[in-house]
Amino acid sequence: MLRLALYKLLGALTVGVLFLGMIEFFAPRVIDPAVLLLAGGGHSGYGWREVRRELGLDDPWYVRALSLWRSVNLNNKSLRYHVPIRKLISSRLSPTLSILAISTAFSLTFGLLLGVIAYRFRLIGTMILFLNRLMLTVPVFVLASVMAACLAGFLEARNNIYYGSLLLGLYASLWFSAVIRSSIKQEMAAQHHASMRALGYRQRDITLSVFLGMLHHLLGALDLFLSVLLTGGTVVVEYAFHIEGLGLLLLDAVHYMDLPVIRFMFVVALVLYTTFAIGILMLRYLLDPRMRLEFQRML
Amino acid sequence: MKRENISRIVLSAKHITVSGENHIVYDASLILPSHTVMLLMGMSGSGKSLFLQGITGFFLDETLRLCQGKVTVEGEEIWQAKDGSVRLNREALGDKIALSYQEAGQSLNPRLKCRHQLRLLLRRFYSTNEIPAEMERANEFLRVSGIEPERVWSNYPCQLSGGLQQMAYLALALRTPARVLLLDEIFSNMDSALLEKVTTFLAHHVHDTGRSLLVVTHDPSLISGFAHYVAIFYSGRIIEIVHKKDKPLHPFTRYFFACFDENLTAPIRQLISANAPGTRDKISSNGCSYRHQCKQKINKCDTTVPPLRECKTENGHIHFLACFNPFDNHEDGEYDGSKG
């Protein structure tokens, strides 16, 4: 199990370094961060060369890509706001965490409920599938903007964390309920569960087995759910509802080529996602012996 | 098994009709005496497995439905279809009747070790004190078959070969207290040596416990040594139930048994394959399904489905037949390809 975690960690690090390398390689070619910094007046008294040296821009891009420690230094200053990243993060962390917590809790509970109802009642299941397909065809950004605009008309939705979180939660719960429905359906139709019934196993043993199988399916979809749908959705919601959170900070950073903030956010996101994904993988590994055996064979 | 020796009928399945996109099993009936091994044979795709699933009252394919019929085991109702709804006695599953599906690999729970699966099953039927003895019986079955029990129980199903998966699955089925075991091609992955040991064990088991087995198989070698009766399934119906020592009377059964005959000459074998009935002839509700290939056909076969009726036999064995113009008991109706 430890080997699997190390194996995955190594993979994530490789991907992280490659992406960071791409950022380090391409970003200074779009606009020189040192020029941006000097233009903002953040380093009065320094020359262009000193600023480049301080930001490490004179090092080759691969050296910069491998210097991950430099990226997570909280005392690095933002090029746009001219304050340490630490201050920026602390002032913007709270709204983002609130959106994430509310939308996750809402989508997991409501999605689970909706998924079970969709499994039991075919018509509701078909409607959810239709809505899900419809959602996938409309870009999230457009949907959030339209909803924000509609809500703003009569609900004072601007800067309101709750409306944004509930909208994201609703969006995610539709997707989540479709996953729940299909995983219940798949597990209930599995031959080994029919076989348990035909041999007369206790109903609670069959239910537990169906639940574990369902959990395995869900875990497989959960990393995508949390990383793409909720994390990405938070950025969109913050933008659409004008909430000053980390998502908006990241968008600003990309817009103004604020390299220290981009570096920091990327490395933090990578660490969080890798930890989460490895945690999920470990759980799936524990739940399914076939996966364990397959991995052992692979190694 | 002679009629006077038959203590009682344990399984009675009457008029089972299964519908999906169309009728897949139509008005199929069967009785099974106690202490009996009955083989359910027929061509591939004729509906044997669905009939077996129909006896338990539910299907692997959720789109299939029971339209009519009634199944009882020792007088206790397993299910009955009435006015479009099915009343299923779930408590009887495992207790009175148990089914093992084809493909043991998919039928065993992939997330549990075989030992854990056996334990869970035993907990449903036996008290804590009885479980060790039952586990020992399961071990005994494997040992008699030449398999080290630990090799099966300490592994997950995906770690076992196809034959061992079937042995594990069969061991589970045998540990249920069910009076009737329905086994769907349970021997298909076993080598001949293992098959011999397992069938010998099962024959003794049936004799000692009074259980009955209904076994779907395509292996003709089981008829002579293992089985008492053979039920022939054709196009969604049972057309004949005959003792292995009696002469079959239905034209299809004679054709079917002729296919297994090792003494057939090559030209006759060619004739048989050239005249083989379609594997899934359209199930007919207004005439015999076999009438288009039948050499014994009469006018009535075109308009009426022959019901399964009991025939009189000289030796007291039970014999059921669904045919308006069967071969006579003394008539030599072996397939020669010249008739019709």
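Two residues count as being in contact here if their C-beta atoms, placed from the backbone, lie within 7 Å. Keep that in mind for the close-ups below, which all come from a predicted model.

**View 1. Where chain A meets chain B.** Here 20 residues of chain A are in contact with 25 residues of chain B. On the chain A side, two or more residues each come from helix 10 (191-199), helix 11 (203-240) and helix 14 (289-298). Helix 10 of chain A gives the most to this side, with eight residues. By type, the chain A side that touches chain B divides into ten nonpolar, five polar and five charged residues.

View 2. Look for A:His192, A:His193, A:Ala194, A:Ser195 and A:Met196, then A:Ala198 and A:Leu199, which make up the buried residues of helix 10 of chain A.

**View 3. Helix 12 of chain A and what covers it.** Our last stop is helix 12 (residues 246-255) of chain A, where A:Leu246, A:Gly247, A:Leu248, A:Leu249, A:Leu250 and A:Ala253 are buried. The cover over these buried residues of helix 12 includes helix 6 (85-120), helix 11 and helix 13 (259-287) of chain A. Helix 12 of chain A is followed by A:Met257, and the phi of A:Met257 is positive, near 50 degrees.

Definitions and conventions. Residues are numbered from 1 along each chain as its sequence is written. Chains are lettered from A and ligands numbered from 1 in the order in which they are written. This is a predicted model: local features need pLDDT of at least 70, side-chain atom pairs count only at pLDDT 80 or more; totals for chains, interfaces and linings use all residues. Helices (H or I, at least four residues) and strands (E, at least two) are DSSP runs, numbered from the N terminus. Ala, Val, Leu, Ile, Met, Phe, Trp, Tyr, Cys and Pro count as nonpolar, Asp, Glu, Lys and Arg as charged, and the others, Gly among them, as polar. A residue is buried if 20 or more other C-beta atoms lie within 10 Å of its own, exposed if 12 or fewer, and partly exposed in between; C-beta atoms are placed from the backbone.
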